[in-house]
Amino acid sequence: MTIIALYLGWNQIGEKGAQHLANVLIHNTTLATLDLGSNQIGQKGAQHLANALTNNTTLTTLDLMNNKIGVDGALYLANALVHNTTLFTLKLADNAILNQGTQYLAYALTKNTALTTLDLRNNAIQDNGAQHLANALANNITLTTLSLRWNQIGKEGAQYLANALTKNTALATLDLMGNKIAADGAQHLANILTSNRTLVTLDLGWNQIGKEGVQLLANAITKNTTLTTLDLMGNEIGADSVQHLANALINNTTLSILNLADNDIGNNGAQYLSNALANNTTLTTLYIMGNRIGVDGAQHLADVLANNTTLTTLDLTNNEIGANGAQHLANALINNKTLVTLDLGWNKIREGTQYLANTLTKNTTLTTLSLVGNEITQHGAQYLANALAKNTTLFTLNLAQNYILNQGAQSLANALANNTTLITLILTGNQIEKQRIEDAMEILKANDALKVLW
């Protein structure tokens with residue numbers, strides 16, 4: 001048997017284990033993926049692996065996250081990258097590489113012509129480290145994905161990276177989540193978005209960019225023609241700033257994924273987004289979890305969903321929509337022909353489950369529905385069971401953390417005995433007795449495709 005992928009994460013192999021593996025890698029000609037995450041290999045273990053990489057010609061993915069390799073470990077790997085011509089993906093998250101270690105890796109990027117993905121999450125590289133990487137990116141023509149999330153990068157670091165992107169022609173994904181670039185940093189990135197033609201994914205979640213920063217990015221989106229994914233979660237945006245984004249979406253023809261979770265946009269923000277969705281023809285995925293849109297916000301979205309023909313994924317987790325909000329959305333889904341995934345977790349839907357169940361008997365496109373933590377009782381489970389007896393499109397139903405109990409589980413099992421399309425049913429956290437689970441499994445054993453998580 002030929003092994004092409006080896007996953008050894010969380011096995012405490014230490015530097016000795018890394019040395020043994022490195023000795024094998026020098027001569028191995030088949031292994032393409034090696035995952036050694038969280039193994040305490042340290043800088044010595046990184047040195048052994050780096051030595052192997054200078055000769056190995058088959059490994060394409062190496063994951064060394066959370067291994068305490070430090071600055072010296074980064075140096076060893078950087079030296080290897082100068083000569084290695086086959087490694088495409090290197091993951092070094094959580095390794096205390098710091099600014100100095102980042103400088104070594106940045107130098108390697110000026111010489112290496114193979115690496116396409118570099119993950120440096122949570123390494124405290126700060127602005128100086130970002131500057132080193134930016135200098136390398138200005139001329140690097142192979143790196144397409146760079147993750148720098150949670151690295152204490154501020155507005156200066158954002159400016160360095162933005163300047164690099166005016167010259168770089170390869171980077172498609174830049175992940176800056178969890179830094180502190182603020183509005184000034186957002187402005188630097190917004191400026192390059194008006195001219196950059198390679199960046200496809202930009203993650204600026206949890207960066208304190210605020211209302212001003214979002215407005216600047218919104219203006220850039222009206223001119224940008226390549227960005228397809230934008231993550232702005234947790235940036236204290238508010239409803240007014242969402243209006244700027246919504247206006248941009250009316251004219252933008254490329255953005256397909258937008259994440260605005262945890263931004264306190266309220267029902268007004270939901271209305272602005274709904275207005276945009278009435279005209280936008282490219283957005284397929286919208287995340288607005290934790291925004292307190294309420295019943296009115298749900299109605300605004302429902303009104304547009306009845307006719308929208310592009311949105312396929314909508315996440316409304318934790319938005320206080322209640323039973324009435326669920327009813328509005330359920331009514332819209334009777335006519336909607338494009339939405340595939342809907343997440344309504346933690347919305348206190350309760351008896352509103354009946355409306356959603358009724359929709360499942362008529363809707364022919366929804367494949368994934370999450371109703372986690374909605375205080376659904378055995379009555380709600382019965383409504384869903386009745387629907388599943390007729391529905392022929394739903395693949396995944398998540399009912400975890402509800403109040404379904406024994407009778408509800410029995411009702412679902414009876415309904416699913418003949419259902420041939422549902423693949424995954426999640427019922428964890430529902431206090432269902434072991435005997436009832438065994439009874440239900442006996443009923444469901446004829447359905448080979450169904451997987452039930454109790």
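Predicted model: local features only at pLDDT ≥ 70, side-chain atom pairs only at ≥ 80, totals over all residues.
**A buried aspartate and the salt bridges around the fold**

User: Got it. Where does D63 sit?

Analyst: D63 is in strand β3, which covers residues 61–63.

User: And which polar atom lies 3.0 Å from its side chain?

Analyst: That's the backbone nitrogen of M65, 3.0 Å from a polar atom of the D63 side chain.

User: What else is D63 in contact with, beyond its neighbours within four places in sequence?

Analyst: Setting those neighbours aside, D63 touches L34, D35, L36, G37 and K91.

User: Switching topic: how many salt bridges are there in the whole structure?

Analyst: A search of the whole structure gives 6. One of the pairs is R149 with D175, whose closest N and O atoms are 2.7 Å apart.

User: What does that pair tie together?

Analyst: R149 is in the loop between β6 (145–147) and α6 (155–165), while D175 is in strand β7 (residues 173–175), so the pair ties together parts that are 26 residues apart in sequence.

User: Is D175 buried or exposed?

Analyst: D175 counts as buried, because its relative accessibility is 11%.

User: Which residues are linked with it in a network?

Analyst: R149, D175 and D203 are linked in a network of salt bridges.

User: Nice. How about R292, which residue does its side chain meet?

Analyst: R292 meets D264 in a salt bridge, at 2.6 Å from N to O. R292 lies in the loop between β11 (285–287) and α11 (294–305) and D264 in the loop between β10 (257–259) and α10 (266–277), so this pair ties together parts that are 28 residues apart in sequence. R292 is partly exposed at 49% relative accessible area, and D264 is partly exposed at 44%.

User: Last one: what about R350 and E375?

Analyst: Their side chains meet in a salt bridge, 2.5 Å from N to O. R350 is in the loop between β13 (341–343) and α13 (353–360) and E375 in the loop between β14 (368–370) and α14 (378–388), so the parts they tie together are 25 residues apart in sequence. R350 is partly exposed, at 37%, and E375 counts as partly exposed at 23%.

Terms used
Residues numbered from 1 in each chain as written. Heavy atoms only, no water. Helix = DSSP H or I, 4+ residues; strand = E, 2+ residues; numbered from the N terminus. Polar contact = N/O pair within 3.5 Å; in protein donor to acceptor, adjacent residues only side chain to side chain. Contact = heavy atoms within 4.5 Å. Salt bridge = Lys/Arg side-chain N within 4 Å of Asp/Glu carboxyl O. Buried < 20%, exposed > 50% of the residue type's maximum accessible area, 1.4 Å probe, protein only.
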